[in-house]
Amino acid sequence: MIYEYFADLSFEIHLPFLLEHQELYDKNELSFLYDLLGLSKLRKYDESAIEILQNAKSLAVILNIPGWLELIDYHLIISYLRFMQPAKALMLFDECGHDFQEAGAHRRILDLCFSQARCLGM
C-alpha cells in the first residue's frame with residue numbers, strides 16, 4: 001500500500017536527496033528508501049534498479065525484519081526478468097515463495113508463480 005501511495009508522487013524525485021544524507025537515517029529507513037528508489041528506476045526501465053535493490057537487500061539482511069527481505073527479493077526477481085537475467089532470478093523463487101506462503105500473501109504468490117513460469121520460458 002505504501003508503494004502504491006508513492007508510485008506517482010514527486011516523492012521519488014526527492015529520494016536521491018534523502019539518500020545523500022544517509023547519516024540521518026537508520027538502516028531500516030535506508031533499506032526502505034533504497035527499495036523505493038529501486039522500484040522507481042525499475043518503472044523507468046533503468047538497469048541501475050538491480051544495484052539499488054541489492055543495496056536494499058544487503059541492509060535487509062542485517063535488519064532481519066520478517067517479510068522484508070522476501071519483498072525485496074520479489075522486487076529483484078521482477079528486475080532480473082525485466083532486464084533478461086533469468087538465471088539470477090531463478091535462485092530467489094523458492095525462498096521467496098515459502099515466506100510468502102507463511103505470510104499468507106496469496107496475490108504475491110500468484111504473481112511469483114507467473115514470474116517463475118516466465119523465467120523458465122526464457
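Reply: First, a term. Helices (H or I, at least four residues) and strands (E, at least two) are DSSP runs, numbered from the N terminus. Ile-13, for instance, lies in helix H2, residues 11-20.

Me: What kind of model is it, and what cut-offs apply?

Reply: It is a predicted model, where local features need pLDDT of at least 70 and side-chain atom pairs count only at pLDDT 80 or more, while totals for chains, interfaces and linings use all residues. Residues are numbered from 1 along each chain as its sequence is written, and side-chain values use heavy atoms, with hydrogens and water left out.

Me: How many helices and strands are in the chain?

Reply: Eight helices and zero strands. Read from the N terminus, the elements go α-α-α-α-α-α-α-α.

Me: And what share of the chain is buried?

Reply: Of the 122 residues, 39% are buried. Buried means under 20% relative accessible area, exposed over 50%, partly exposed in between (1.4 Å probe, protein chains only).

Me: Back to Ile-13. Buried or exposed?

Reply: Exposed. Ile-13 has 62% relative accessibility, so it falls in that class.

Me: How far is the C-alpha of Ile-13 from that of Ser-40?

Reply: The two C-alpha atoms are separated by 9.3 Å, and the residues are 27 apart along the chain.

Me: Helix packing next. What numbers describe a pair?

Reply: Two packed helices are described by the angle between their axes and the distance between the axes. Axes are lines fitted to C-alpha atoms, for helices over the stretch in contact, and angles run from 0 to 180 degrees between N-to-C directions.

Me: OK, at what angle do H3 and H4 pack?

Reply: About 160°, with the axes of H3 (residues 27-43) and H4 (residues 48-63) 8 Å apart. That angle makes H3 roughly antiparallel to H4. The classes: under 35 degrees is roughly parallel, over 145 roughly antiparallel, 65 to 115 roughly perpendicular, the rest oblique.

Me: Which handedness does the crossing of H3 and H4 have?

Reply: Left-handed. A crossing is left-handed if the near helix is turned anticlockwise from the far one by less than a right angle, right-handed if clockwise.

Me: Which residues meet there?

Reply: From H3, the list includes Leu-30, Ser-31, Tyr-34, Leu-37 and Gly-38. From H4, it includes Ile-52, Ala-56, Leu-59, Ala-60 and Leu-63. By class, the contact of H3 with H4 has 12 nonpolar, five polar and three charged residues. Ala, Val, Leu, Ile, Met, Phe, Trp, Tyr, Cys and Pro count as nonpolar, Asp, Glu, Lys and Arg as charged, the others, Gly among them, as polar.

Me: Ser-31 is in H3. What does Ser-31 touch, beyond its sequence neighbours?

Reply: Leaving aside neighbours within four places, Ser-31 contacts Ala-56, Leu-59, Ala-60, Leu-63, Trp-68 and Ile-72. Ser-31 has 0% relative accessibility, so it counts as buried.

Me: What about Ser-79: buried or exposed?

Reply: Buried, again at 0% relative accessibility. Ser-79 is in H5. Outside the four places on either side in sequence, Ser-79 is in contact with Leu-42, Ile-50 and Leu-53.

Me: How does H5 pack on H7?

Reply: H5 (residues 68-82) and H7 (residues 93-103) pack at about 135°, axes 9 Å apart. That makes H5 oblique to H7. The crossing is left-handed.

Me: Which residues do H5 and H7 bring together?

Reply: Glu-70, Leu-71, Asp-73, Tyr-74 and Ile-77 in H5 meet Phe-93, Glu-95, Cys-96, Asp-99 and Phe-100 in H7. That is six nonpolar, no polar and four charged residues.

Me: Where does Met-84 sit?

Reply: In the loop between H5 and helix H6 (86-90). Met-84 has a positive phi of about 55° and is not a glycine either. With a relative accessible area of 60%, Met-84 is exposed.

Definitions and conventions. Contact = heavy atoms within 4.5 Å.
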